[in-house]
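Please look through the sequence and the structure shown here before reading on.

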Amino acid sequence: GAQDSCSQQCGELLGTCSCQVTCQSLGICCPDYNEFCLQISPYSGSLMGGKDILIENTAFNTSMITCRFKKIIKTNGFVDKDGKAHCISPLLYETGFIPFEVSTDDGQTFPYSGTWLSVHHSKVPDEEKCTLVNETKWQYYGTSNIDGNLTLTWTHQALTATHINIEVWGYQETGDSYSENWFAKWEYLYTLARETPNSGTFSFIPVPAKATYSTWDFGILRITPSTYSDGQSNIPSVWSSAHALAWHLGEDFRNDPITWATAKCVEWDRKEEKLPNFLEEIIDCPCTLSQARADTGRFHTDYGCDIEKGSVCTYHPGAVHCVRAIQASPVYAAGQQCCYDSTGAQILTQDSTSGSTPDRGHDWGSPPFMKPPRIPGFSHWLYDVISFYYCCLWSDNCHFYMKNRPSSDCRTYHPPQAASAFGDPHFFTFDGLNFTFKGQGEYTLVESDLTSLRVQGRTQQAHFPNGTEAQVTGLSAVAMQENNSDVIEVRYSEDLNLEVLLNQKVVNFSEQSWMDLKGLFLHSTSDQKITVMFSSGSGVEIRGSGGFLTLTVLLPDKFMNHTQGLFGVMNGNTEDEYTFKNKTTISVHASPQQLFEFGANWAVENGTSLFTYDTEFLLNNFFYGEKHNTSFLPVFFPYEDPADPLVKEMVLVCDSDPFCRFDVLTTRSLQVGNFTRLSHQNHKQLVENLKPVISCGWLDHPTNGRKNGTNYLLGSTIHFTCNQGYELTGSKEIICQVTGAWSGDIPNC
C-alpha cells in the first residue's frame, strides 16, 4: 500500500516496513528506502555555501532538480551525463546538520530527503578555499610600506568553468544590539575580475574602493563561473577565508592608515561603553594549564595556540597553550579564552599584551545561531577581531582593546569532578570510591535531575585470548543524552571497530572531526578519543582500550547532590556512594557479592534505554532479554596460582596495580591488564590535575612603583619596589595564603 513508501517518510517506522536508518542492518527497509532516503558526498561544507553535493544512491530521469534546505531555502540542482543528481549547498547563518529535500517536478513536491552538515568557515579544509597568498600582506595592505601585487590561488578543478569571475563580499550586522531586530547579512559588493581564465591563479594591484564600498572592512572573496550573474546566490563557488579588507579600503585609509585606524578604534571604544557588560557572565578561567587541559567538558584547545602542535601562538607570544570556553555565555553569547605560560600559570592582559582576551561574540557561534551575536565566526570577527586590527595592528592603541577585553583570573573557577569506568569494569566514583562490578547487561552509570543527564553503559562478556568466554564482563557501549539533546552512543561493533552513533545513525568523521549538534558538541581525535560536551558543561570522554571501553564523566560542581547511579551520589561524602534506586544504602565495606546486587539494582528499565538495537544479536540479548542477566555469575575472587607462568609476566606488566592484576587473572590477557593499568593511571592523573587551586587574584603594581611576579596562586610571592624618589609603605613582599588572601599590607609608594 501507499503507506509503505519512504517518499517524504525518511526516519519513520511505518506499518509494514521501516524508513529508519537501522532498517538496513535489520533487513526491514521499505523497498524504496534507497530511492527516497538520500546518501550524499561530500556530507559537509562551509556555511558560506556554493558546494557541489553529489547524490550517490538515486538516479533521476530529469535534467533539472530543485533542492530545498530547511523547508525554505531553494537552490537549483542539476543532473549530469551519467544520471547522477547534484545539489548546490546554500549560504547559511548556522552550523550543524541541516535537513534538505529534492524535487523533480519543479518544486511542487519534495519526496526525497537527506541531511547536510554545515560547518564553521575556518573548519573547512584549505584546499576547498581559494588562498590569499601571504594573507598578512592582504590584511595590512596600505599600512607602512606594504604595497605591490596581491595573488590569489585556487584548485581550478573545483569549478568546471573555463572562465571565472572574482567577487568581493562584505559582512555586516544591522539593527539594535541584543534586540529582536538585530540582523546579520553577507552582501555582494562588486566584481574584482571578470571573465578571467580558470587557471588557478590571479594577480592584481589593488585600487582603493569606491566611496560606497570603502566602509566595508571585513569580508571575503568568491570565485564563480562567469556564466552566472554578479552576486547571484547559491551557485557553485569557491570562497576565500574571511579577512580584514585592508587591501580594498579607500583613499583616506591609504593616505594615513594610522589616523584612520585610530579614529575607528576610538569609535569602537565608545560603542563598547554603551553595550552591556558581558564580562560578568562568562566562566572564569582554570588556574593552571593542567586544569585547563583536564576540564574537557567546558574548555577546548584554541587552534591558534596549541601545545600539541608546537605552541605557534601568533597573537599570544610567550604562551604555550590557550583554551576557549566551549559554551557561549547564557544571555550575551560571549566567549572566554585562557592562555598559559611554560610554568603552567595564566597570562593576563593586565600584565602582558600576550594575555588571553575574552570575546563579546563566541568564535564558534552558539545555538540557535541565525542572528547576531550568535553567527559562527563572523559575529566574533565584527566585535573582537576587526577591532583588534583597528586598535592593535593598524595603529598603536592597544590599551583601548585591552581595557574592553581584559583577561579573567581564576578566583571563581571550580574544577569539575571526575568519575571513570574501565577494564572488566572497575568503577571510580565522583567522590573517589572505587569498586568492581561485573554484571552483564545495561546499567545507569549516572543520571541527574538537574539537567536530565543520563549516561548508560552496556557490559558484555569478555573472551579469553583463545576465543572462549571468560566469567567477567567489560564495557562495550555507552549511550548518553541531556534534556532533549541528540542521543550519542559509542560502541564496539561486532567486528570490534569503534563506532559513534548520532540518533541511531553511524557518524562518519572522515570530513569533520568536530560537530555542532543539538544540545552538545561532538569531537573525535585522530587516535579515536571521543568527547561529548553537553550544554550544561558536563563532559563525557570515551576511548577504546583493547576490546573494552574506557569512560570518564566530568561534572561541574552545580551537579553536587544531583547525581545517582553506579557512579554514586556526588556530594563529597563516600558513605552514601552505594545508594539504591529506592534511596537505601549499603556500607562502603560491602562484599563483592553485595556490590553485585547494588549494580543489578541500577539496570536500565525497558523504555528508558538510550541504546540502538540494530542487529539480531542486540535485539535478542539486550532488547527482548533481561536488562541485567541474573543467570550470569562472575568471578569475585580470582585465584593467583604461583605455579601459573602468566603470574610472573603479570607482575612485570602490572607492578602493584590491583586492577591490572585482577584483569590479567580473569581474562588471561596481559594486553587487557595493561590497558587497565594505563586507564587507572590516567584517572589518577586526571583527578590530580583537577584538584582545586587557590588564587589570591591579580594585583596591580603600586602607582609610581613596580612589581616583580605574575603568578597569583597559593604560595606565590610578589615583590614591590618604588621608582626613584618615592618611598614604600606597606609590605615589600606579600605571599598568597591558604585563605585566598594576600599576606601583609598591599604597598603604596
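What should the 20 residues of helix H13 (residues 670-689) span at 1.5 Å a residue? The expected span, defined as 1.5 Å times one less than the number of residues, is 28 Å, and the end C-alpha atoms of H13 are 28 Å apart, which agrees. Helices (H or I, at least four residues) and strands (E, at least two) are DSSP runs that are numbered from the N terminus.

This is a predicted model, in which local features need pLDDT of at least 70 and side-chain atom pairs count only at pLDDT 80 or more, while totals for chains, interfaces and linings use all residues. Residues are numbered from 1 along each chain as its sequence is written, and side-chain values use heavy atoms, with hydrogens and water left out.

**Helix H13**

The buried residues of H13 are Val 672, Gly 673, Thr 676, Ser 679, His 680, His 683 and Leu 686, where buried means under 20% relative accessible area, exposed over 50% and partly exposed in between (1.4 Å probe, protein chains only). They cover an arc of only 150 degrees around the axis, which puts them on the same side of H13; the arc is that of the directions from the helix axis to the C-beta atoms. An α-helix has 3.6 residues a turn, so residues three or four places apart point the same way. What covers the buried residues of H13 includes helix H6 (289-294), strand E32 (539-545) and helix H12 (658-667). At the N-terminal end, H13 is capped by Ser 669, a side-chain oxygen of which lies 3.3 Å from the backbone nitrogen of Gln 671.

**Glu 94**

Glu 94, in the loop between strand E6 (84-88) and strand E7 (96-103), counts as buried at 11% relative accessibility. Leaving aside residues up to four places away in sequence, Glu 94 touches Leu 47, Lys 70, Ser 118, Phe 369, Met 370 and Pro 376, a contact being heavy atoms within 4.5 Å. The side chains of Glu 94 and Lys 70 are joined by a polar contact of 2.6 Å, that is, a pair of N or O atoms within 3.5 Å; within protein, one must be able to donate a hydrogen and the other to accept it, and residues adjacent in sequence count only if both atoms are side-chain atoms.

**Positive phi angles**

| Residue | Phi | Relative accessibility |
|---|---|---|
| Gln 8 | about 60 degrees | 55%, exposed |
| Asn 561 | about 65 degrees | 56%, exposed |
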